[in-house]
Each structure stands twice: as C-alpha cells, then as structure tokens.
Amino acid sequence: MRSVQELWALLREAKSMPSGEAQIALTEQVLRHADASGDRELAFATRIHATHAYVYGGEPAKAFVPFSRCLSDFDSDPADFHQRYQYGLLWHFKDMVSALLKFPEVPLARTYAVLDDMERRYRDSGYGSQAVHKYRMLVAAHVGDDAAADDRYERWQTTPRDRLSDCAGCDPTDQIAYLALRGRHEEAVELAQPILAGRLTCVEQPHKILTALLEPYVSTGRLELATNAHRRGYRLLRPRLADLREIGDHVALCALSGNEIRGVEIVQRHVDWLDRAPSPSAAMHFAAASAMLLRRLPALGHTEVQVSRRGRGDVPAAVLAEELAAFATGTAARFDARNGTSAQSGMIAATLAAEPFPEPFRLSPTARPSSVRPAPAPEPMALPQDADPNELLDLADELERQDRNDEQTALMTAYDRRFRADDPGPLARARRLMQIIAGGRWAGDTEGTVDSLAVAESMFQEAGVPAGAATAVGIAGLTRVIAGEVEEGLAMVGAEVAFHGDGDDQWASAEACARLAAALSATGRHEEALEAQDRADAYVAKLDDPRMAARYAMLRAPLLDKLSRRAEAETAARSALEFYRAHGPGDRVARAAVTVGKLFEWVAAAPCEAAFDEAVACGDTSVALEARLGRARARIHLDRDDEAIDDFVEAIAWCTARGLTERAAEIRLELAEVYQELERLEEAVMVAEEAVVVLGRRGRTEDADKARNLLATTHSALGDPHGAVFWYDALIEGIGDDGDLARRAELRGRTADLMYDADEDAEAAARYAAAADDLHAVGDLRGEVRALRRLLMSRCWSGDLAGAEEALRRAEQRYEALGGSAQRSARWERAMLDREAARLMLQLDRAEDAVGYVTDVPQRLREIQYTQDAQDAEVLLGRALLANGRAAEVEDLLRPLVSGEARTKRIRRIAAKALAEALDELGRTDEAAALREREGV
C-alpha cells in the first residue's frame with residue numbers, strides 16, 4: 001500500500017502528463033488506492049482529475065462515474081477542501097453535457113437535466129449564463145432544432161464572458177462551426193483571423209479551430225489557407241484518439257478536394273481506432289467520412305486499393321466502404337431514435353452523398369497525377385499462316401538487336417496467340433521462354449528466374465542446341481551473383497564464356513563476356529570486369545555493327561567510371577549518345593543521356609542537369625524515373641529548389657500511377673529530407689508521414705526509422721514537443737530490450753529534454769530515469785551521471801523530492817566510480833550536479849547542506865570559463881546563505897552582479913531580487929525598496 005504522500009506525488013505527476021492512455025493509467029492507479037488511504041481530499045482531487053483525464057484522453061464514458069461521485073460528495077459534505085475544488089467541479093459540467101450527447105444509449109432527458117443543474121449551480125455560485133447558452137445551443141443543433149439553436153447562439157454571443165466561459169480558442173471554434181453550419185463562411189473566416197494570430201495554449205487548440213476552418217476556407221476560395229490548416233491541424237490531431245471525429249473532417253476534405261490517396265493513408269492510419277473510439281458519435285463521423293472517400297476510389301481507377309484491418313488482414317476498399325457506411329447509418333439511426341428527430345441520419349446521408357469541390361487542389365506536396373502516361377501496347381501484327389516458329393523468333397531477335405522493341409512486342413503478341421494451343425517444339429519453347437525472362441517477368445525473384453532458366457536449359461538440351469543451354473546457364477549465374485551467391489554464380493557465368501570461347505558466333509561470345517563483366521563488377525572486381533568487357537568489345541568490333549558498338553559503349557562507361565577513369569567513361573557514353581541521337585530509338589537516347597548524367601552526378605551539376613534534361617525530354621522511357629530523380633538532385637545543387645521539387649513530385653506521381661508504392665515511398669523520404677533542409681518543415685512532415693506508413697508496413701525498417709527520425713527532429717523544430725516524442729517513441733520501441741541500448745538511451749534522453757522544456761517534469765523524469773538505466777547497462781557512467789542530474793532536476797520541479805534525493809545519491813555514487821576527471825566537460829558536469837543538489841536541499845529546507853554543496857561551485861565553473869553558469873550558481877549560493885541566516889554575506893556576493901557584471905538580464909534580475917530580500921533581513925528596507933523599483937523586481 002502506497003503512502004498518502006506517495007499518492008499525492010503520483011497525482012501531481014499524472015496532472016503534468018499529456019492527455020492520453022499513460023495519463024489515464026497513472027490516474028487510475030491513484031484512484032484505486034485513494035479511498036483506502038483515508039485522505040478524503042486526495043480521493044476527491046483524484047476523481048476531479050480523473051474526469052478531466054477521461055474526457056481529454058479519449059475515454060469520456062468513464063468520466064460519468066467520478067464526476068457524479070464528486071457532485072454527490074460536494075453536496076453532502078461541507079468540508080473546506082470541497083469549496084477549493086468548486087470551480088473545477090463546475091467547469092466539468094460542460095464536459096458532461098458534451099459527453100452525454102455522444103452516447104445514444106443515454107436518454108436525452110438526462111442531458112437536459114444536467115444542463116438545468118449546471119445553470120442553477122452557475123447562478124448560485126455567482127457566475128453568469130454565457131457557457132450555459134452555448135451548451136444549450138450545441139444540444140439544439142444536435143437534435144436539429146434550428147430555431148432554438150439560433151436563439152441560443154445569439155444569447156451566447158450577447159451574454160458577457162466569465163471565468164466559466166470556454167477559453168479564447170474553444171469558444172471561437174464552436175462559433176466557426178455554427179457559422180459554417182449556417183453557410184456563413186466569410187464571417188467564420190473573419191472571426192478566426194485575430195484568434196489564430198494570438199497564442200493558443202488550450203489542450204484542444206489550435207488543431208480544433210484549424211479543423212473547423214477547413215470548410216469556410218474552401219467555400220471562400222482560400223485554398224492555400226485550407227491546405228495549411230489541413231497540414232498543421234492534422235499533424236497535431238494525428239496522435240490523439242480523443243479527436244477521432246475531427247480526424248474524420250480531414251478525411252472528408254481529402255475526398256472532396258481530389259486528394260483521395262492522401263485520404264486513404266489517413267484512413268489506414270486510424271481505422272483501427274474505431275474499435276476503441278472515444279464515443280459512438282466520433283466513430284460515426286469518422287466512419288461516414290471514410291466510407292465516402294473509399295466509395296470514390298473505383299470511379300477514379302483505384303480498384304486495387306485495400307485497407308489493412310487488425311485481425312482481418314487486407315480488406316478491399318469497396319467492401320470496407322460499405323461496412324463503414326452501414327455502421328455510420330446505423331449509429332445515426334440510434335441517435336435519432338433517442339432524440340426523436342432525423343437530424344443525425346440526415347447529416348450522415350449528406351456526408352455519404354457529398355460531391356467533390358468544383359476545383360480540386362493539392363493538400364500534400366506529392367498529391368498530383370503524373371503528367372506522363374505509359375504508351376499503349378502495340379497491336380499484334382498479322383502473321384503469315386505458314387510462318388515457322390523459329391523463323392519468327394529469329395525475326396524477333398533481330399528486331400531486339402535493332403532496338404525495334406515495339407515491333408518485337410507486336411510480333412511476339414501475335415506469336416503467342418498463334419501458338420497458344422499448338423506446340424512449336426522444344427527449341428521454340430526455350431527461345432520464347434528466354435525472351436520472357438529478358439522482358440523481366442520474374443524481376444526481383446531470384447529463384448523464379450533461376451528455375452525458369454533451368455527449364456529453358458533443359459529444353460535447349462532436348463532440342464540439341466547446347467549453345468542456348470550455355471546462355472541460359474550464364475544468365476542464371478549472373479542472377480545468382482546479383483543475389484549474393486557469388487562463387488556459384490561466377491562459376492556458371494565462367495562456364496558460358498568457356499563454352500563459347502573464340503567460336504564463330506561473335507554475338508554469343510560478346511554477350512557471354514559482357515555477362516562476366518557485369519558479374520565481376522557486381523562483386524567489386526572492377527579491373528577484372530573491365531578486362532572481360534574489353535574481350536566483349538573485341539568480339540563486337542568483328543561484327544562491324546555500329547548499333548552493337550553503341551550498346552557496348554554504354555556497358556563500358558560505368559566500368560571506367562568505377563575505376564575513376566571519368567574522361568574515358570564520358571567519351572564512351574557520349575559516343576553512344578551521339579549514335580542514338582542520330583538513329584534512335586528514344587528509349588536508347590534516354591538511357592545514354594542518363595549514363596552521361598550519372599558520370600557528372602556530385603561532380604558538376606550543370607552538365608549533369610543538361611544530360612538528365614535530355615533524358616526527361618524523351619518521354620516515358622524505361623529510365624524516365626532515373627532521369628527525373630537525377631535532374632532533381634542536380635537542380636538542388638544548382639539552388640533551383642522549386643524546379644527540383646517539381647521533379648521529385650513528378651517522380652512520385654509516375655511511381656504511383658504504375659503501382660510502385662514502395663519506390664514512391666523511398667522518393668517521398670528523399671523529398672522530405674529536401675524540404676527539411678530548405679526549412680519547409682510542414683511539408684517535410686507531411687511527405688515523411690506518407691513515406692513512413694508504407695516503409696513500415698513493407699518491413700523497410702532502416703528507411704522507416706530514417707523517416708521517423710526526420711519526423712521527430714522536424715516536429716521539434718516546429719515547436720511541437722509531443723509530436724517529436726511520438727516519433728522518438730516509435731524509434732525507441734523498434735530498438736527493444738535486445739537492441740542498441742546506447743542509441744535507445746540517446747533517444748530517451750532527447751524525449752526527456754523535450755518534456756522538460758515543455759514543463760512536463762514528471763514525464764521528463766520517467767524518461768531520464770529510463771535513459772540512465774540504459775546508460776548504466778552499457779557502462780557509460782559519465783552519460784549516466786548526466787542523465788541522473790537531469791532526473792534530479794525534473795523530480796525537483798515535479799515535487800518528487802524523495803525521488804530527487806534518490807537520483808542525487810545515485811549520481812554521486814556513479815561520479816565517485818568514475819574516479820574524478822580533469823577533463824573540462826567532466827568538471828562542468830560535477831559542478832552542475834552540485835548546483836542542482838543545492839537547489840534540492842533548499843526545497844527540503846536544509847539550507848546548511850545547500851550552502852555546503854554550492855559554496856565553491858562558482859569558482860570551479862569560472863576556472864573552466866563557464867562564467868554564466870558560475871553567476872547562476874552565485875545567485876543560488878546567495879539564496880542558500882539567506883535561508884541559512886547569513887544575509888550579511890549575500891550583499892558582498894551579489895552586489896557585483898546587480899551593478900553590471902551579470903551576463904544576462906535574467907541573472908541580474910534574480911540577483912537583484914535575492915539581494916533585496918537580504919537587505920530586508922538586514923533592516924535596510926528603504927534600500928531594498930529602491931533596488932526593487934530600479935530593477936523592476
């Protein structure tokens with residue numbers, strides 16, 4: 001059983017935590033022991049806080065019981081402490097009215113009864129009715145009583161505000177929602193401007209006011225403001241289960257603005273929250289918006305989209321859309337049965353039938369269709385009825401050598417139709433299979449490719465064509481080398497080279513040597529690879545075929561580049577480019593231009609861009625993606641950022657149009673890094689979030705963690721510590737207990753720093769403690785001392801003085817284990833530890849111990865040139881001396897700081913305050929008053 005003091009400390013810790021599961025769990029832990037503790041005030045205070053924690057943590061249904069108990073205790077017991085909590089109790093009436101509306105099983109009469117009780121208690125306590133009018137307006141709007149809602153809105157606006165009015169962010173949010181409901185969008189926007197210009201610090205702001213403004217912004221043509229409101233608002237809503245309804249508003253915006261894929265990503269991220277939705281009302285709104293979005297996908301050509309559901313796997317979007325629509329419609333019917341109106345069903349029906357905005361606009365920087373469409377497949381050509389299969393295959397091979405790929409495709413399409421039923425014989429089957437393999441049928445599937453090549457080899461042997469079998473073995477060998485099976489693969493490629501030797505088939509010999517060059521290069525043996533390529537080039541020279549020479553020059557250029565023979569590489573690549581420019585096709589021009597561009601990557605941005613520009617101009621070629629990305633990177637180096645971003649966005653759209661989801665995510669991550677470097681942080685966050693969803697789902701742990709780290713650092717730079725902590729926690733979870741504990745300690749320390757700077761000291765303390773444990777486990781005692789010092793500070797500020805003492809003892813033990821150090825950083829760390837120990841002693845009313853800790857700290861810090869920290873320590877020493885009854889010593893210590901030596905205004909101010917207190921103690925009150933007036937303290 002915990003002591004009363006420990007329970008109060010835990011309650012203070014819970015209050016300092018952000019809303020959510022962790023805060024609820026700690027509050028419930030106190031609640032379980034509060035009544036048994038015998039401290040009635042503790043029990044009452046815990047229930048008051050539990051009401052708040054449940055409402056804002058996404059579990060409002062649980063708030064009814066503690067609130068009702070508090071109300072009963074307050075009415076039945078005139079204890080003094082109850083009066084101290086009266087304001088909080090009255091405030092939570094508003095939360096109760098709002099929550100009761102969200103559960104259709106709660107009779108509407110109960111909501112009206114609570115409203116009546118709220119109005120009576122506000123009046124009896126000397127407060128006005130402004131908040132009462134607002135909540136009666138919300139109930140009227142919920143049941144569809146427009147006249148009553150309008151009347152209450154006017155009363156709400158004309159009644160003076162008081163201490164029980166909602167905050168300066170939440171009241172305007174509900175005004176904006178009302179004005180939007182009535183179609184008064186211009187008024188809503190005008191109302192919002194001065195509010196958004198100020199600083200909103202409520203737990204529900206600014207994300208809720210930004211969400212409420214989405215419709216007014218769009219309706220008044222302020223699309224850029226709508227985009228920014230979505231980006232910022234959704235980012236802040238994203239981790240908050242309690243705001244599932246508002247997240248649904250962002251899904252609806254995506255569906256209606258032409259950003260359906262962005263909307264699918266949001267639905268995927270939150271759809272499982274329906275299983276633990278904060279209320280039926282929130283679930284209903286999110287489900288309706290999601291159904292409306294998912295229903296739009298088939299008409300847009302996204303028939304393949306699926307959404308993962310916990311316990312069900314991937315569900316087709318069309319199926320899930322109907323499930324969600326049925327759920328939303330059924331829930332609305334339950335509300336209407338409770339209310340005796342059809343308002344909720346009408347609203348849900350309107351959502352499901354909503355038409356898109358007249359003009360679509362981009363919410364995500366990457367949400368746009370590709371401007372380049374794949375060329376249609378060529379129609380099959382007409383074949384002579386008596387055409388021999390192998391003659392046709394000979395023609396196909398010749399068309400491939402001449403880069404007449406469209407004609408080859410048309411020929412083979414006709415070939416497959418002709419011989420679908422008739423067996424063309426083992427040789428023709430083998431040759432066709434080799435063409436299919438070359439076309440990339442099993443791309444990325446090593447075993448599938450090798451197995452198919454084994455089948456082709458067998459058929460070649462059956463047909464009595466050992467040269468074909470050798471080629472199949474060589475290609476299988478190269479496939480194995482690329483997959484990491486180096487020795488076996490090289491042996492197979494070597495066998496092909498040996499088979500062809502210096503035979504009469506120059507083409508086959510050249511291809512075999514080129515494969516050997518590729519295999520050797522893949523293993524880093526570039527000198528040997530170039531020797532093999534030399535042999536291949538020699539065979540090609542005997543063919544006297546300029547097209548083959550250009551093709552092999554393209555193979556030679558990258559090998560020369562890897563050997564740092566860039567001039568020769570450029571000569572080879574440019575010779576190929578010049579040939580293809582003159583003779584085509586465009587695909588080969590693009591390939592050659594990309595090869596030239598890669599030679600200049602990271603070396604010379606201007607010629608690099610020119611080469612990739614030529615490749616892009618060739619259209620939708622096999623290297624279109626490489627060309628776009630190469631040009632984007634070159635333009636970044638040329639400080640043409642907007643043009644570079646356009647290329648990245650086009651590359652993402654190109655991948656999306658072709659179903660290359662994972663590749664699109666990789667490019668999104670690269671683009672997010674560009675946005676972060678350019679300090680376009682909101683865009684960096686949005687694009688990185690789009691990337692991490694895919695990368696995490698596809699098992700790309702390293703890239704996913706890279707995205708999470710970018711998101712964490714960017715949220716921190718945006719001044720959003722909770723967003724940063726969310727992503728750091730995702731990284732920490734991925735490390736686990738068996739991973740890199742030093743890295744985990746570093747990340748835990750970062751999250752602790754963020755919470756400390758956000759004045760969430762109890763949460764910071766828990767994180768510093770975990771970081772210290774990790775640092776101890778890896779033997780980093782100096783790092784552990786640093787973490788323990790921060791733990792000491794956090795526990796002091798959170799009021800956990802016993803925990804702070806324990807942290808101090810551990811820190812001193814660890815420092816002693818280090819044996820001291822003459823290093824400047826170690827001396828600073830020890831001095832700062834002693835300074836914080838003194839601060840703790842003062843809080844414990846142990847002034848003499850405080851003086852002992854801090855007396856020589858200023859001198860120690862000055863010796864290592866930390867003057868500002870030394871002055872801070874001098875002020876602390878002054879406070880310790882004053883508390884120890886040694887006021888006379890304080891003047892000599894602090895007078896120089898007040899007279900001009902202080903490095904900062906803050907130090908001068910706190911020194912002046914302490915000095916004035918010392919002068920009062922010495923009976924020099926006039927001097928003290930003059931000092932306070934002069935220094936403004």
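Visitor: How many salt bridges does the structure hold, and what makes a pair of residues a salt bridge?

Guide: The structure holds 109 salt bridges. The term is used when a side-chain nitrogen of Lys or Arg lies within 4 Å of a carboxyl oxygen of Asp or Glu. This is a predicted model, in which local features need pLDDT of at least 70 and side-chain atom pairs count only at pLDDT 80 or more, while totals for chains, interfaces and linings use all residues. Residues are numbered from 1 along each chain as its sequence is written, and side-chain values use heavy atoms, with hydrogens and water left out.

Visitor: Why is the contact between D150 and R182 called a salt bridge?

Guide: The N to O distance between their side chains is 2.9 Å. The limit is 4 Å, so the pair qualifies.

Visitor: Where in the chain do D150 and R182 sit?

Guide: D150 is in helix α9 (residues 146-158), and R182 is in the loop between α10 (170-181) and α11 (185-197). The two are 32 residues apart, and the pair links distant parts of the chain. A helix here is a DSSP run of H or I with at least four residues, numbered from the N terminus.

Visitor: Are D150 and R182 buried, exposed or partly exposed?

Guide: Buried means under 20% relative accessible area, exposed means over 50%, and partly exposed is in between, using a 1.4 Å probe and protein chains only. D150 has 29% and R182 has 27%, so both are partly exposed.

Visitor: What makes R795 and D800 a salt bridge?

Guide: Their side chains meet at 3.9 Å, N to O, which is within the limit, so the name applies. R795 has a relative accessible area of 16% and is therefore buried, whereas D800, at 27%, is partly exposed.

Visitor: Which parts of the chain does the salt bridge between E935 and R908 tie together?

Guide: The closest N and O atoms of E935 and R908 are 2.9 Å apart. E935 lies in helix α48 (residues 925-935) and R908 in helix α47 (residues 905-921), so the pair ties together parts 27 residues apart in sequence. E935 is buried at 17%, and R908 is partly exposed at 31%.

Visitor: What makes the pair H270 and Y234 a polar contact?

Guide: A polar contact is a pair of N or O atoms within 3.5 Å; within protein, one must be able to donate a hydrogen and the other to accept it, and residues adjacent in sequence count only if both atoms are side-chain atoms. The side chains of H270 and Y234 are joined at 2.7 Å, so the distance is within the limit.

Visitor: What does the side chain of Q344 reach?

Guide: The side chain of Q344 reaches the backbone oxygen of H142 at 2.9 Å. Q344 is in helix α19 (residues 343-352) and, at 5% relative accessibility, counts as buried.

Visitor: What makes a group of residues a nonpolar core?

Guide: The members are buried Ala, Val, Leu, Ile, Met, Phe, Trp, Tyr and Cys residues, joined through side-chain atoms within 4.5 Å. The largest core has 103 residues, of which I667, L671, L792, L840, L861 and L894 touch the most other members. A second, separate core of 65 residues includes Y234, L253, C254 and F361.

Visitor: Which residues is L808 in contact with, leaving aside its neighbours within four places in sequence?

Guide: Contact means heavy atoms within 4.5 Å. L808 is in contact with L792, L833, A837, L840, M841 and Y853. L808 lies in helix α41 (residues 801-818) and is buried at 5%.

Visitor: Which residues line the largest cavity?

Guide: They are R231, Y234, R235, R262, E682, V685, M686 and E689; a lining residue has an atom within 4 Å of a point. Four of the lining residues, the largest share, come from α35.

Notes
On a 1 Å grid over the protein atoms alone, a cavity is a set of points where a 1.4 Å probe fits but cannot get out, and a pocket is an open set with protein on both sides within 12 Å along at least five of seven lines; lining residues have an atom within 4 Å of a point.
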